[in-house]
Amino acid sequence: MSEALIFEQSHPGRTAVSLPELDVPEKPLAELVPERFLRKQPPRLPEVSEIQLVRHFTRLSQRNFCVDTHFYPLGSCTMKYNPKVNERVASLDGFAHLHPYQPEEEAQGILQLMYETQECLSEISGMDRFTLQPAAGAHGELLGMMLVKAYHQSKGRLPKRVIVPDTSHGTNPASVALTGFTVEVLSSRADGMIDPDALAGAMDDDVAAIMSTNPNTLGLFEKEIVRIAEIAHRHDALMYYDGANLNGLMGICKPGEMGFDIVHVNLHKTFSTPHGGGGPGAGPVGVKEKLAPFLPVPLVEKEGDRYYLNYGLPQSVGKIRAFYGNISVIIKAYAYILALGGKGLARATRGALVNANYLLSRLKDTFPAPYGDRCMHEFVLSAANLKEHGVRALDVAKALIDTGFHPPTVYFPLTVPEAMMIEPTETETRETLDAFSSAMIEIAETARANPDMLHESPRKAVVRRLDEVKAARQPVLRWKQGV
Ligand SMILES: *Cc1c(COP(=O)(O)O)cnc(C)c1O
(Lines give C-alpha, C1' and ligand atoms only; values in the text may rest on other atoms or scores of the structure.)
Protein backbone atom coordinates (compact mmCIF):
# COMPACT_ATOMS: atom_id res chain seq x y z
CA MET A 1 0.00 0.00 0.00
CA SER A 2 3.01 2.31 0.02
CA GLU A 3 2.93 5.16 -2.46
CA ALA A 4 6.13 6.47 -4.02
CA LEU A 5 6.44 10.18 -4.65
CA ILE A 6 5.46 11.14 -8.17
CA PHE A 7 9.08 12.26 -8.67
CA GLU A 8 10.29 8.79 -7.75
CA GLN A 9 7.93 7.26 -10.31
CA SER A 10 9.35 9.47 -13.04
CA HIS A 11 11.06 7.98 -16.17
CA PRO A 12 12.82 10.31 -18.61
CA GLY A 13 10.81 10.70 -21.80
CA ARG A 14 7.59 9.19 -20.48
CA THR A 15 4.52 11.39 -20.95
CA ALA A 16 0.81 11.51 -20.19
CA VAL A 17 -0.15 13.44 -23.33
CA SER A 18 0.41 13.03 -27.04
CA LEU A 19 0.04 16.10 -29.21
CA PRO A 20 -0.36 16.14 -33.00
CA GLU A 21 2.55 17.21 -35.20
CA LEU A 22 2.94 20.97 -35.53
CA ASP A 23 1.22 22.31 -38.64
CA VAL A 24 2.70 25.81 -38.28
CA PRO A 25 6.34 26.86 -38.43
CA GLU A 26 8.13 26.43 -35.11
CA LYS A 27 9.51 29.62 -33.54
CA PRO A 28 12.26 29.88 -30.94
CA LEU A 29 10.84 30.73 -27.52
CA ALA A 30 13.14 33.74 -27.22
CA GLU A 31 11.19 35.39 -30.05
CA LEU A 32 7.91 35.04 -28.17
CA VAL A 33 8.93 35.67 -24.55
CA PRO A 34 11.47 38.26 -23.36
CA GLU A 35 14.81 36.59 -22.66
CA ARG A 36 14.84 37.51 -18.97
CA PHE A 37 11.67 35.46 -18.35
CA LEU A 38 13.13 32.30 -19.86
CA ARG A 39 14.51 29.50 -17.69
CA LYS A 40 18.13 28.54 -18.06
CA GLN A 41 17.23 24.91 -17.39
CA PRO A 42 13.96 23.09 -18.06
CA PRO A 43 11.84 22.62 -14.89
CA ARG A 44 12.30 19.30 -13.07
CA LEU A 45 8.84 17.92 -13.62
CA PRO A 46 7.95 14.27 -13.13
CA GLU A 47 7.57 12.31 -16.35
CA VAL A 48 4.86 9.67 -15.96
CA SER A 49 2.16 8.01 -18.04
CA GLU A 50 -1.49 9.03 -17.82
CA ILE A 51 -2.48 5.97 -15.79
CA GLN A 52 0.42 6.51 -13.35
CA LEU A 53 -0.78 10.05 -12.89
CA VAL A 54 -4.41 9.04 -12.35
CA ARG A 55 -3.56 6.21 -9.96
CA HIS A 56 -1.14 8.29 -7.93
CA PHE A 57 -3.56 11.09 -7.21
CA THR A 58 -6.61 8.86 -6.86
CA ARG A 59 -4.79 6.72 -4.30
CA LEU A 60 -3.68 9.79 -2.37
CA SER A 61 -7.25 11.12 -2.41
CA GLN A 62 -8.46 7.82 -0.95
CA ARG A 63 -6.24 8.42 2.06
CA ASN A 64 -8.16 11.57 2.89
CA PHE A 65 -9.96 11.44 6.17
CA CYS A 66 -13.04 13.60 5.76
CA VAL A 67 -16.58 14.22 6.88
CA ASP A 68 -17.79 12.49 3.71
CA THR A 69 -16.20 9.24 4.89
CA HIS A 70 -16.08 9.31 8.70
CA PHE A 71 -17.30 10.92 11.92
CA TYR A 72 -15.08 13.90 12.76
CA PRO A 73 -15.90 15.21 16.26
CA LEU A 74 -13.11 17.80 16.39
CA GLY A 75 -14.21 20.21 19.12
CA SER A 76 -14.44 23.91 18.25
CA CYS A 77 -14.11 23.14 14.52
CA THR A 78 -17.73 22.22 13.68
CA MET A 79 -16.88 19.48 11.19
CA LYS A 80 -20.44 18.98 10.02
CA TYR A 81 -21.66 17.61 6.73
CA ASN A 82 -21.91 20.28 4.07
CA PRO A 83 -24.68 19.75 1.52
CA LYS A 84 -23.25 19.02 -1.94
CA VAL A 85 -25.88 21.16 -3.63
CA ASN A 86 -24.08 24.25 -2.30
CA GLU A 87 -20.95 23.22 -4.22
CA ARG A 88 -23.05 23.01 -7.37
CA VAL A 89 -24.47 26.47 -6.76
CA ALA A 90 -21.04 28.01 -6.12
CA SER A 91 -19.67 26.56 -9.35
CA LEU A 92 -22.47 27.78 -11.63
CA ASP A 93 -20.94 29.42 -14.71
CA GLY A 94 -22.35 32.84 -13.86
CA PHE A 95 -20.40 32.85 -10.59
CA ALA A 96 -17.33 30.83 -11.50
CA HIS A 97 -16.47 32.86 -14.62
CA LEU A 98 -16.91 36.34 -13.13
CA HIS A 99 -13.84 38.54 -13.05
CA PRO A 100 -13.20 40.65 -9.95
CA TYR A 101 -12.69 43.72 -12.15
CA GLN A 102 -15.93 43.17 -14.08
CA PRO A 103 -17.80 46.49 -14.27
CA GLU A 104 -20.45 46.85 -11.55
CA GLU A 105 -23.32 46.90 -14.04
CA GLU A 106 -22.27 43.44 -15.29
CA ALA A 107 -21.84 42.06 -11.77
CA GLN A 108 -25.16 43.06 -10.22
CA GLY A 109 -26.04 39.42 -9.44
CA ILE A 110 -22.98 38.69 -7.31
CA LEU A 111 -23.18 42.12 -5.65
CA GLN A 112 -26.80 41.42 -4.73
CA LEU A 113 -25.78 38.03 -3.32
CA MET A 114 -23.00 39.64 -1.26
CA TYR A 115 -25.31 42.39 -0.04
CA GLU A 116 -28.00 39.91 0.96
CA THR A 117 -25.44 37.66 2.70
CA GLN A 118 -24.38 40.70 4.74
CA GLU A 119 -28.04 41.32 5.58
CA CYS A 120 -28.61 37.69 6.61
CA LEU A 121 -25.50 37.66 8.81
CA SER A 122 -26.58 40.95 10.39
CA GLU A 123 -29.97 39.44 11.19
CA ILE A 124 -28.47 36.21 12.56
CA SER A 125 -25.87 37.98 14.72
CA GLY A 126 -27.78 41.13 15.68
CA MET A 127 -25.21 43.45 14.09
CA ASP A 128 -25.75 46.54 11.90
CA ARG A 129 -23.13 46.23 9.16
CA PHE A 130 -20.96 43.44 7.74
CA THR A 131 -17.85 43.09 5.63
CA LEU A 132 -17.20 39.82 3.84
CA GLN A 133 -13.49 40.40 3.25
CA PRO A 134 -11.68 38.44 6.00
CA ALA A 135 -10.47 35.07 4.74
CA ALA A 136 -10.82 33.16 8.03
CA GLY A 137 -11.83 33.52 11.65
CA ALA A 138 -8.34 34.54 12.72
CA HIS A 139 -8.28 37.15 9.94
CA GLY A 140 -11.63 38.45 11.22
CA GLU A 141 -10.15 38.76 14.71
CA LEU A 142 -7.22 40.72 13.31
CA LEU A 143 -9.60 43.08 11.51
CA GLY A 144 -11.68 43.29 14.71
CA MET A 145 -8.65 44.44 16.69
CA MET A 146 -7.81 46.96 13.94
CA LEU A 147 -11.36 48.32 14.26
CA VAL A 148 -10.95 48.54 18.05
CA LYS A 149 -7.79 50.57 17.55
CA ALA A 150 -9.38 52.86 14.93
CA TYR A 151 -12.42 53.43 17.16
CA HIS A 152 -10.37 54.52 20.18
CA GLN A 153 -7.99 56.60 18.06
CA SER A 154 -10.95 58.48 16.54
CA LYS A 155 -11.80 59.54 20.09
CA GLY A 156 -8.23 60.60 20.78
CA ARG A 157 -7.64 57.65 23.11
CA LEU A 158 -4.97 54.96 23.06
CA PRO A 159 -5.89 52.20 25.53
CA LYS A 160 -3.34 49.40 25.44
CA ARG A 161 -4.80 46.25 26.99
CA VAL A 162 -7.20 43.61 25.66
CA ILE A 163 -8.68 41.09 28.08
CA VAL A 164 -9.14 37.46 26.96
CA PRO A 165 -10.40 34.63 29.18
CA ASP A 166 -7.99 31.75 29.86
CA THR A 167 -10.29 29.44 27.86
CA SER A 168 -9.93 31.50 24.68
CA HIS A 169 -8.73 30.08 21.38
CA GLY A 170 -5.04 30.69 20.64
CA THR A 171 -5.86 32.96 17.72
CA ASN A 172 -7.45 35.49 20.14
CA PRO A 173 -4.27 36.50 21.99
CA ALA A 174 -2.32 36.24 18.72
CA SER A 175 -4.63 38.77 17.02
CA VAL A 176 -4.37 41.06 20.03
CA ALA A 177 -0.57 40.96 19.99
CA LEU A 178 -0.35 41.40 16.20
CA THR A 179 -2.30 44.65 16.46
CA GLY A 180 0.08 46.01 19.07
CA PHE A 181 -2.18 45.60 22.10
CA THR A 182 -1.12 43.83 25.29
CA VAL A 183 -2.85 40.54 26.10
CA GLU A 184 -4.32 40.27 29.57
CA VAL A 185 -5.49 36.77 30.45
CA LEU A 186 -8.44 36.55 32.82
CA SER A 187 -8.80 33.34 34.85
CA SER A 188 -12.21 31.73 34.58
CA ARG A 189 -14.32 30.83 37.58
CA ALA A 190 -14.41 27.24 38.87
CA ASP A 191 -17.60 26.74 36.82
CA GLY A 192 -15.71 27.58 33.61
CA MET A 193 -17.25 31.01 33.06
CA ILE A 194 -15.93 34.55 33.05
CA ASP A 195 -16.13 36.00 36.57
CA PRO A 196 -17.84 39.42 36.23
CA ASP A 197 -16.44 40.57 39.60
CA ALA A 198 -12.88 39.65 38.64
CA LEU A 199 -13.44 41.41 35.34
CA ALA A 200 -14.74 44.53 37.04
CA GLY A 201 -11.63 44.49 39.21
CA ALA A 202 -9.36 44.24 36.15
CA MET A 203 -11.11 47.02 34.23
CA ASP A 204 -9.91 50.58 33.84
CA ASP A 205 -9.73 53.10 31.02
CA ASP A 206 -6.61 51.40 29.62
CA VAL A 207 -8.65 48.39 28.46
CA ALA A 208 -9.48 48.61 24.74
CA ALA A 209 -11.62 45.50 24.39
CA ILE A 210 -12.72 42.17 25.80
CA MET A 211 -12.74 39.10 23.55
CA SER A 212 -15.17 36.33 24.31
CA THR A 213 -16.64 33.21 22.74
CA ASN A 214 -20.22 32.29 23.61
CA PRO A 215 -20.87 29.41 24.05
CA ASN A 216 -17.29 29.42 25.33
CA THR A 217 -14.70 26.80 24.41
CA LEU A 218 -15.85 24.59 27.29
CA GLY A 219 -19.24 24.37 25.59
CA LEU A 220 -20.88 26.55 28.26
CA PHE A 221 -23.16 29.53 27.74
CA GLU A 222 -21.76 32.63 29.47
CA LYS A 223 -24.88 33.38 31.47
CA GLU A 224 -23.64 36.74 32.73
CA ILE A 225 -22.60 38.06 29.36
CA VAL A 226 -24.98 41.06 29.51
CA ARG A 227 -23.46 42.17 32.81
CA ILE A 228 -19.97 41.59 31.44
CA ALA A 229 -20.75 43.85 28.45
CA GLU A 230 -22.11 46.53 30.78
CA ILE A 231 -18.88 46.48 32.79
CA ALA A 232 -16.85 46.81 29.57
CA HIS A 233 -18.97 49.62 28.16
CA ARG A 234 -18.73 51.61 31.39
CA HIS A 235 -15.06 52.08 30.45
CA ASP A 236 -15.82 52.46 26.72
CA ALA A 237 -14.06 49.13 26.08
CA LEU A 238 -15.48 47.23 23.10
CA MET A 239 -16.89 43.70 23.25
CA TYR A 240 -15.46 41.33 20.60
CA TYR A 241 -17.35 38.14 19.82
CA ASP A 242 -15.38 35.15 18.51
CA GLY A 243 -18.17 33.56 16.46
CA ALA A 244 -16.51 30.18 15.92
CA ASN A 245 -19.15 28.64 18.18
CA LEU A 246 -22.17 30.17 16.44
CA ASN A 247 -23.30 26.63 15.62
CA GLY A 248 -24.43 26.44 19.24
CA LEU A 249 -26.49 29.60 19.05
CA MET A 250 -27.67 30.60 15.57
CA GLY A 251 -31.37 31.17 15.15
CA ILE A 252 -31.87 31.12 18.92
CA CYS A 253 -30.09 34.19 20.28
CA LYS A 254 -27.91 36.96 18.91
CA PRO A 255 -24.50 38.22 20.07
CA GLY A 256 -25.65 41.75 19.18
CA GLU A 257 -28.30 41.51 21.87
CA MET A 258 -25.79 40.29 24.46
CA GLY A 259 -23.86 43.54 24.15
CA PHE A 260 -21.18 42.60 21.61
CA ASP A 261 -19.93 45.39 19.33
CA ILE A 262 -17.88 43.35 16.84
CA VAL A 263 -18.33 39.73 15.73
CA HIS A 264 -16.67 37.41 13.30
CA VAL A 265 -18.47 34.43 11.82
CA ASN A 266 -16.57 31.37 10.55
CA LEU A 267 -18.60 30.62 7.43
CA HIS A 268 -16.58 27.44 6.90
CA LYS A 269 -17.62 26.14 10.31
CA THR A 270 -21.22 27.18 10.72
CA PHE A 271 -22.44 27.88 7.20
CA SER A 272 -21.50 24.96 5.00
CA THR A 273 -18.00 24.97 3.58
CA PRO A 274 -15.87 21.83 3.84
CA HIS A 275 -12.74 22.69 5.81
CA GLY A 276 -9.75 21.08 7.40
CA GLY A 277 -6.49 21.10 5.51
CA GLY A 278 -6.38 24.84 5.25
CA GLY A 279 -9.25 26.41 3.42
CA PRO A 280 -10.44 28.42 1.70
CA GLY A 281 -12.72 29.71 4.42
CA ALA A 282 -14.25 33.06 5.24
CA GLY A 283 -14.53 35.10 8.42
CA PRO A 284 -16.95 37.99 7.74
CA VAL A 285 -16.98 40.67 10.42
CA GLY A 286 -20.10 42.45 11.65
CA VAL A 287 -20.21 45.63 13.73
CA LYS A 288 -22.57 47.93 15.53
CA GLU A 289 -23.24 51.25 13.77
CA LYS A 290 -20.65 53.17 15.83
CA LEU A 291 -17.88 51.08 14.21
CA ALA A 292 -19.23 51.10 10.64
CA PRO A 293 -17.11 54.09 9.49
CA PHE A 294 -13.92 52.10 10.10
CA LEU A 295 -14.82 48.97 8.11
CA PRO A 296 -12.49 47.98 5.25
CA VAL A 297 -13.25 49.21 1.74
CA PRO A 298 -15.03 48.47 -0.46
CA LEU A 299 -18.37 47.90 1.27
CA VAL A 300 -21.12 46.34 -0.80
CA GLU A 301 -24.05 48.76 -0.73
CA LYS A 302 -27.43 49.26 -2.35
CA GLU A 303 -29.03 52.38 -3.74
CA GLY A 304 -32.52 51.98 -5.19
CA ASP A 305 -32.28 48.80 -7.30
CA ARG A 306 -28.54 49.11 -7.88
CA TYR A 307 -25.75 47.41 -5.94
CA TYR A 308 -22.29 48.98 -5.86
CA LEU A 309 -18.85 48.89 -4.23
CA ASN A 310 -18.36 51.82 -1.89
CA TYR A 311 -14.75 52.97 -1.58
CA GLY A 312 -15.72 56.31 -0.03
CA LEU A 313 -15.04 55.71 3.66
CA PRO A 314 -12.52 58.33 4.84
CA GLN A 315 -12.03 56.66 8.27
CA SER A 316 -11.74 53.09 6.88
CA VAL A 317 -8.89 50.89 8.14
CA GLY A 318 -8.24 50.30 4.43
CA LYS A 319 -8.21 47.11 2.48
CA ILE A 320 -7.39 43.89 4.30
CA ARG A 321 -7.56 41.46 1.41
CA ALA A 322 -7.37 41.40 -2.38
CA PHE A 323 -10.79 42.05 -3.93
CA TYR A 324 -13.89 41.23 -1.85
CA GLY A 325 -13.46 37.99 0.10
CA ASN A 326 -13.50 34.27 -0.71
CA ILE A 327 -16.54 34.51 -2.93
CA SER A 328 -17.24 30.80 -3.44
CA VAL A 329 -17.42 30.33 0.34
CA ILE A 330 -19.81 33.28 0.58
CA ILE A 331 -22.03 31.82 -2.16
CA LYS A 332 -22.20 28.50 -0.28
CA ALA A 333 -23.11 30.27 2.96
CA TYR A 334 -25.83 32.25 1.18
CA ALA A 335 -27.29 29.08 -0.36
CA TYR A 336 -27.17 27.30 3.00
CA ILE A 337 -28.81 30.15 4.93
CA LEU A 338 -31.61 30.57 2.37
CA ALA A 339 -32.20 26.81 2.14
CA LEU A 340 -32.60 26.44 5.91
CA GLY A 341 -34.26 29.77 6.68
CA GLY A 342 -34.52 31.17 10.18
CA LYS A 343 -36.45 28.19 11.51
CA GLY A 344 -34.08 25.72 9.86
CA LEU A 345 -31.01 27.40 11.36
CA ALA A 346 -32.59 27.23 14.82
CA ARG A 347 -33.39 23.57 14.23
CA ALA A 348 -29.80 22.86 13.21
CA THR A 349 -28.63 24.50 16.45
CA ARG A 350 -31.06 22.46 18.54
CA GLY A 351 -29.87 19.29 16.80
CA ALA A 352 -26.27 20.20 17.62
CA LEU A 353 -27.22 20.75 21.28
CA VAL A 354 -29.18 17.50 21.55
CA ASN A 355 -26.40 15.46 19.92
CA ALA A 356 -23.71 16.95 22.17
CA ASN A 357 -25.77 16.37 25.31
CA TYR A 358 -26.58 12.81 24.26
CA LEU A 359 -22.91 12.03 23.74
CA LEU A 360 -21.94 13.70 27.02
CA SER A 361 -24.50 11.61 28.91
CA ARG A 362 -23.07 8.42 27.32
CA LEU A 363 -19.46 9.29 28.20
CA LYS A 364 -19.55 11.15 31.52
CA ASP A 365 -19.31 7.99 33.63
CA THR A 366 -16.19 6.85 31.77
CA PHE A 367 -14.31 10.15 31.53
CA PRO A 368 -14.69 12.94 34.11
CA ALA A 369 -16.75 15.89 32.85
CA PRO A 370 -15.33 18.78 34.90
CA TYR A 371 -18.12 21.21 34.04
CA GLY A 372 -21.17 19.13 34.74
CA ASP A 373 -23.48 16.98 32.68
CA ARG A 374 -25.11 19.66 30.52
CA CYS A 375 -23.49 21.45 27.61
CA MET A 376 -24.23 23.50 24.54
CA HIS A 377 -23.02 22.20 21.14
CA GLU A 378 -19.77 20.72 22.47
CA PHE A 379 -18.22 19.56 25.72
CA VAL A 380 -14.87 18.89 27.33
CA LEU A 381 -13.91 15.64 29.05
CA SER A 382 -10.71 14.83 30.87
CA ALA A 383 -8.62 11.68 30.40
CA ALA A 384 -6.77 12.45 33.66
CA ASN A 385 -8.40 9.40 35.32
CA LEU A 386 -6.33 7.14 33.01
CA LYS A 387 -3.02 8.68 34.04
CA GLU A 388 -2.49 6.12 36.79
CA HIS A 389 -2.32 3.51 34.00
CA GLY A 390 0.20 5.61 32.10
CA VAL A 391 -2.40 6.56 29.48
CA ARG A 392 -2.92 10.13 28.31
CA ALA A 393 -5.48 11.97 26.18
CA LEU A 394 -3.03 11.67 23.28
CA ASP A 395 -3.12 7.86 23.56
CA VAL A 396 -6.92 7.86 23.56
CA ALA A 397 -6.88 10.08 20.46
CA LYS A 398 -4.42 7.83 18.62
CA ALA A 399 -6.37 4.70 19.57
CA LEU A 400 -9.54 6.23 18.15
CA ILE A 401 -7.90 6.41 14.73
CA ASP A 402 -7.81 2.61 14.67
CA THR A 403 -11.56 2.48 15.28
CA GLY A 404 -12.30 4.64 12.22
CA PHE A 405 -13.12 7.86 14.06
CA HIS A 406 -11.28 11.14 13.89
CA PRO A 407 -9.94 12.04 17.33
CA PRO A 408 -11.50 14.93 19.20
CA THR A 409 -9.53 18.11 19.87
CA VAL A 410 -7.06 17.34 22.67
CA TYR A 411 -5.17 19.52 25.19
CA PHE A 412 -7.48 22.47 24.51
CA PRO A 413 -8.84 24.40 26.35
CA LEU A 414 -5.66 24.70 28.39
CA THR A 415 -7.56 24.95 31.68
CA VAL A 416 -8.57 21.26 31.67
CA PRO A 417 -5.85 18.63 32.29
CA GLU A 418 -5.78 15.94 29.57
CA ALA A 419 -8.63 17.74 27.81
CA MET A 420 -10.67 16.07 25.08
CA MET A 421 -13.08 18.47 23.40
CA ILE A 422 -15.89 16.80 21.52
CA GLU A 423 -18.31 18.41 19.05
CA PRO A 424 -20.58 15.95 17.24
CA THR A 425 -22.64 18.55 15.26
CA GLU A 426 -26.27 18.23 14.22
CA THR A 427 -25.62 16.15 11.12
CA GLU A 428 -24.76 12.87 12.88
CA THR A 429 -27.17 10.01 13.47
CA ARG A 430 -27.80 8.36 16.81
CA GLU A 431 -26.14 5.16 15.53
CA THR A 432 -22.91 7.03 14.83
CA LEU A 433 -22.96 8.66 18.27
CA ASP A 434 -23.55 5.25 19.87
CA ALA A 435 -20.70 3.66 17.92
CA PHE A 436 -18.35 6.50 18.84
CA SER A 437 -19.19 6.39 22.54
CA SER A 438 -18.78 2.59 22.56
CA ALA A 439 -15.33 3.01 20.98
CA MET A 440 -14.36 5.58 23.63
CA ILE A 441 -15.59 3.34 26.46
CA GLU A 442 -13.71 0.36 25.02
CA ILE A 443 -10.50 2.40 24.82
CA ALA A 444 -10.88 3.35 28.50
CA GLU A 445 -11.27 -0.36 29.33
CA THR A 446 -8.14 -1.20 27.31
CA ALA A 447 -6.30 1.56 29.17
CA ARG A 448 -6.90 -0.33 32.39
CA ALA A 449 -6.34 -3.87 31.09
CA ASN A 450 -3.60 -3.39 28.50
CA PRO A 451 -2.21 0.15 28.44
CA ASP A 452 0.79 -0.75 26.26
CA MET A 453 -1.55 -1.52 23.41
CA LEU A 454 -2.69 2.11 23.44
CA HIS A 455 0.88 3.40 23.41
CA GLU A 456 1.39 1.56 20.13
CA SER A 457 -1.64 2.99 18.40
CA PRO A 458 -2.51 3.86 15.75
CA ARG A 459 -1.66 0.44 14.38
CA LYS A 460 -3.85 0.36 11.29
CA ALA A 461 -3.16 3.82 9.89
CA VAL A 462 -0.78 4.54 6.98
CA VAL A 463 1.59 6.30 9.37
CA ARG A 464 2.00 5.15 12.95
CA ARG A 465 2.79 7.27 16.01
CA LEU A 466 4.72 10.37 15.01
CA ASP A 467 7.13 12.36 17.10
CA GLU A 468 4.95 15.45 17.06
CA VAL A 469 7.64 17.93 18.02
CA LYS A 470 10.10 16.55 15.49
CA ALA A 471 7.37 16.35 12.86
CA ALA A 472 6.78 20.08 13.24
CA ARG A 473 10.41 21.17 13.61
CA GLN A 474 12.10 18.81 11.15
CA PRO A 475 9.44 17.76 8.65
CA VAL A 476 10.63 14.95 6.39
CA LEU A 477 8.87 15.63 3.14
CA ARG A 478 10.34 12.74 1.16
CA TRP A 479 8.67 9.37 1.39
CA LYS A 480 11.09 6.58 2.24
CA GLN A 481 10.08 2.97 1.87
CA GLY A 482 9.40 1.40 5.23
CA VAL A 483 9.11 4.62 7.23
C1 LIG B 1 -11.59 27.97 14.60
C2 LIG B 1 -11.58 28.95 15.68
C3 LIG B 1 -10.98 30.21 15.50
C4 LIG B 1 -10.17 30.58 14.28
O5 LIG B 1 -10.86 30.48 13.08
P6 LIG B 1 -10.13 30.11 11.70
O7 LIG B 1 -11.23 30.26 10.71
O8 LIG B 1 -9.61 28.73 11.84
O9 LIG B 1 -9.04 31.12 11.51
C10 LIG B 1 -11.10 31.12 16.53
N11 LIG B 1 -11.73 30.82 17.67
C12 LIG B 1 -12.29 29.60 17.88
C13 LIG B 1 -13.01 29.34 19.19
C14 LIG B 1 -12.22 28.63 16.90
O15 LIG B 1 -12.78 27.43 17.11
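## Ligand contacts

A polar side-chain atom of Lys-269 lies 2.8 Å from an oxygen atom of the ligand in this predicted model. Asp-242 places a polar side-chain atom 2.5 Å from a ligand nitrogen atom, and an N or O atom in the side chain of His-169 is 3.5 Å from a nitrogen atom of the ligand. The ligand taken alone exposes 380 Å², of which the protein buries 87%.

## The shell around the ligand

Two elements give two or more residues to this shell: helix 6 (137-154) and helix 11 (267-270). Helix 6 supplies the largest share, three residues. By type, the shell divides into three nonpolar, six polar and three charged residues. Among its members are Ser-76, Glu-141, Thr-171, Asn-266 and His-268.

## An aromatic cluster

The whole structure holds nine aromatic pairs. In one of them, the ring centres of Phe-71 and Phe-436 are 5.2 Å apart and the planes stand at 80°, so the pair is edge-to-face. Phe-71 belongs to the loop between helix 2 (50-62) and helix 3 (84-90), whereas Phe-436 is in helix 14 (residues 430-449); the pair therefore ties together parts 365 residues apart in sequence. Phe-71 is buried, at 4% relative accessible area, and Phe-436 is buried at 0%.

Phe-405 and Phe-436 also pair edge-to-face, because their planes are at 85°, with centres 5.4 Å apart. Phe-405 lies in the loop between helix 13 (393-402) and strand 11 (409-410), so its pairing with Phe-436 ties together parts 31 residues apart in sequence. Phe-405 counts as buried at 11% relative accessibility. Phe-71, Phe-405 and Phe-436 form one aromatic cluster.

## A charge over a ring

The charged end of Lys-149 sits over the ring of Phe-181, 5.7 Å from the ring centre.

Conventions: Residues are numbered from 1 along each chain as its sequence is written. This is a predicted model: local features need pLDDT of at least 70, side-chain atom pairs count only at pLDDT 80 or more; totals for chains, interfaces and linings use all residues. Side-chain values use heavy atoms; hydrogens and water are left out. A residue is near a molecule or strand if one of its heavy atoms lies within 4 Å of it. A polar contact is a pair of N or O atoms within 3.5 Å; within protein, one must be able to donate a hydrogen and the other to accept it, and residues adjacent in sequence count only if both atoms are side-chain atoms. Accessible areas come from the Shrake-Rupley method with a 1.4 Å probe; for residues, only the protein chains shown count as cover. Helices (H or I, at least four residues) and strands (E, at least two) are DSSP runs, numbered from the N terminus. Ala, Val, Leu, Ile, Met, Phe, Trp, Tyr, Cys and Pro count as nonpolar, Asp, Glu, Lys and Arg as charged, and the others, Gly among them, as polar. Rings of Phe, Tyr and Trp (its six-membered ring) pair if their centres lie within 6.5 Å; planes under 30 degrees apart count as stacked, over 60 as edge-to-face and the rest as tilted. Buried means under 20% relative accessible area, exposed over 50%, partly exposed in between (1.4 Å probe, protein chains only). A charge sits over a ring if NZ of Lys or CZ of Arg is within 6 Å of the ring centre and within 35 degrees of the ring normal.
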